[in-house]
Amino acid sequence: MHLLVRDQSGQVHELEAPEGWRVMEVIRDYGLPIKAECGGACACATCHVYVDDAWRDKLVAPSEEEIEMLDGAFEIDERSRLSCQILTREDLDGLLVTLAPGSEPA
Amino acid sequence: MSDHVISTDVIVVGAGPVGLFAVFELGLLDMKCHLVDILDKPGGQCAELYPEKPIYDIPAIPACTGQELTDRLMDQIRPFDPTFHLHQMAEKLENVGSEEAPRWRLTTSTGTVLEAPVLVIAAGGGSFVPKKPPIKDIEPFEGKSVFYAVRRMEDFRRKRILIAGGGDSALDWTINLHPLATSLALVHRRDDFRAAPASVNDMRRLVADGKMDLHIAQIKGLKGHNGNLEAVTLHSKEKGEHDIECDTLLAFYGLTMKLGPVAEFGLNIHENLIPVDTEKFETNQKGIFAIGDINYYPGKLKLILSGFHEGALMAQQAFRYVFPDRKLRFQYTTSSTSLHDKLGVAG
Ligand SMILES: Cc1cc2nc3c(=O)[nH]c(=O)nc-3n(C[C@H](O)[C@H](O)[C@H](O)COP(=O)(O)OP(=O)(O)OC[C@H]3O[C@@H](n4cnc5c(N)ncnc54)[C@H](O)[C@@H]3O)c2cc1C
Ligand code: FES
C-alpha cells in the first residue's frame, strides 16, 4: 500500500507503507521532515498532520489521549490528527495527509 | 570570579536516566558528580514525557513507569550524594586547564560555575524548552511582551494578560496572576482542559464571576509595534477572526527538545548528535564524554540500556583523568567490601 504525504512546501510524496505501521513511522523513515519527538507514544504532539477530507471518516476515531495531546500542537482544525496514532491498513491505500506547521524538526 | 567556583570531579550535563546512572558508575570509582538540568526535576524524557507509561525493556525489571525508573535511579545513586543544579541551562564551556590536562569550566544560565577535569554530556534529545507557536513575526515580541514562562510574578503586575493553553501551567498561572493583572483572559482551542480539575473549577468560577474572560479559539497572529503587543488575533468557528486587546501574551503549549548551547561547546556535531568512540564514549575533546541519546556511533540505538552501558565504560576513562596517579581496579559490587562501604551496605 501507499501513502500520499504533502510536505510543508506543498510537494506531494508517494510513500510505500508496510501494513500495521504508524503513519508517522512511514513518514519519518522515508526522510520527510517530521519531528515526532516521542517516537510514537502520543506524548509530544510533534507529528501533527491534516488528513484529507476524503479519508477522515475512514480512520479510527482519535482516542481521548490523542485529543488531549493535540493541545500541544498548533493550527488545529477538524482534519487534525497525530500521525503516530493512525495505523496503516490495506483499505487506507492512497491516504493523503499534509504535514502541519510546528511538526518540522528543529 | 573564582571565589564562587564549585570544584568537583565530574560535571554531568543532563539528569535524564543516563546522566543519573552515570553518577552510579562514576561513584563506584570514587568520583563525585554535579549535575545540571534545565528541567526542575531529574528524569529527563522519562519524567517529562512519559512519567506514567510503562517501560518493558530495562534488564531485570519486567515493567516500570518512566517516573518509577527515575525514582529507582535516584535511590540507587543516593549513596554517592550527587549535587543537582536544576532549572538551569548549561550555557558556556571553557577549558581553563591545558589541552593535555583539561579543566572544564561550565557556567549555567543562573550563574552557577562548575569546574572539573571531566565533563559528561548526557543531554539526550537536547534541553527541554517551551514550544513556540509558529506565528509569523513573533520574534520581536519574545521576551518583551510574549513569554513562555513566568520568572518573576511581579513583572506581570498591572498588565493586560492573555494566557494560551489548557494544561496545568496555563491554568495555574491564570489563577496566580489574576489578582495582579489589570485584566486577564485565557484562550484554549477547546472547552475541555487537561489541567487538574480543581484549578479548572477555580478558573470557571472566575469566569462566571465576570473576573476574567475565556476564549475558545486559536491564536492566529499578533498586533503591535517594536515588540510591544497591542492585540492578539484569535480565530474561532463561531466568531471567525477577532482581536483581543492585551499587552502581554503567555503561551503554554508544553515543552520540546532542542540541542541548545551544547552546540557551542566546541564539539564535533553531526545532525544534532555528538559522535563518540565506542570504547570510552569520548568526544573530539579530551575529558569530554557523550553518553545516552545525544551521542552517535555506528549501530547506536537510542535505548536506556545502551546509555547505561555507555556510562559504565565512560567511567573507566574518566577515572584516568580524575585520578591520573591511581591504578584502576576492576571489582564486582557483589563481592567487593570496598564497594560495599561506598554503597553503605553490609558485606
Ligand atoms: C514516550 C517515550 C517512550 C520511550 N520508551 C522507551 C523504552 O521503552 N525503552 C527505552 O529504552 N527507551 C525508551 N524511550 C527512550 C528513552 O526515554 C531515552 O533513550 C532516554 O530518556 C535517554 O536518556 P538520556 O539521559 O540520554 O536523555 P534524556 O532523557 O533526553 O535527558 C536529557 C536531559 O538533559 C537536559 N539537557 C540537555 N541539554 C541541556 C543543557 N544544555 N542544560 C541543561 N540541561 C540540558 C534535558 O533537559 C534533559 O532533561 C522512550 C522515549 C519516549 C519519549
Ligand atoms: S510522535 Fe509524539 S505524539 Fe506522535
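First, the ground rules. The model is predicted, so local features need pLDDT of at least 70 and side-chain atom pairs count only at pLDDT 80 or more, while totals for chains, interfaces and linings use all residues. Residues are numbered from 1 along each chain as its sequence is written, chains are lettered from A and ligands numbered from 1 in the order in which they are written, and side-chain values use heavy atoms, with hydrogens and water left out.

Let me start with the interface. Chain A puts 23 residues into the contact and chain B puts in 19, where contact means heavy atoms within 4.5 Å. About 1,800 Å² is buried between the two chains, with 49% of that from carbon and sulfur atoms; buried area is the accessible area (1.4 Å probe) lost on being put together, summed over both parts. On the chain A side, Glu37(A), Asp71(A) and Phe74(A) lose the most area, together 38% of what that side buries.

Next, charges. Four salt bridges are counted between chain A and chain B, each a side-chain nitrogen of Lys or Arg within 4 Å of a carboxyl oxygen of Asp or Glu. One of them joins Lys53(B) to Glu65(A), at 3.2 Å from N to O.

Now the ligand. How many residues lie around ligand 1? There are 34, and Asp37(B), Gln45(B), Tyr50(B), Asp57(B) and Asp293(B) come nearest; to be counted, a residue needs a heavy atom within 4 Å. Both chains A and B supply residues around ligand 1, so the site is shared between chains.

Last, Ile121(B). Leaving out residues up to four places away in sequence, Ile121(B) touches residues including Val13(B), Phe265(B) and Ile294(B).
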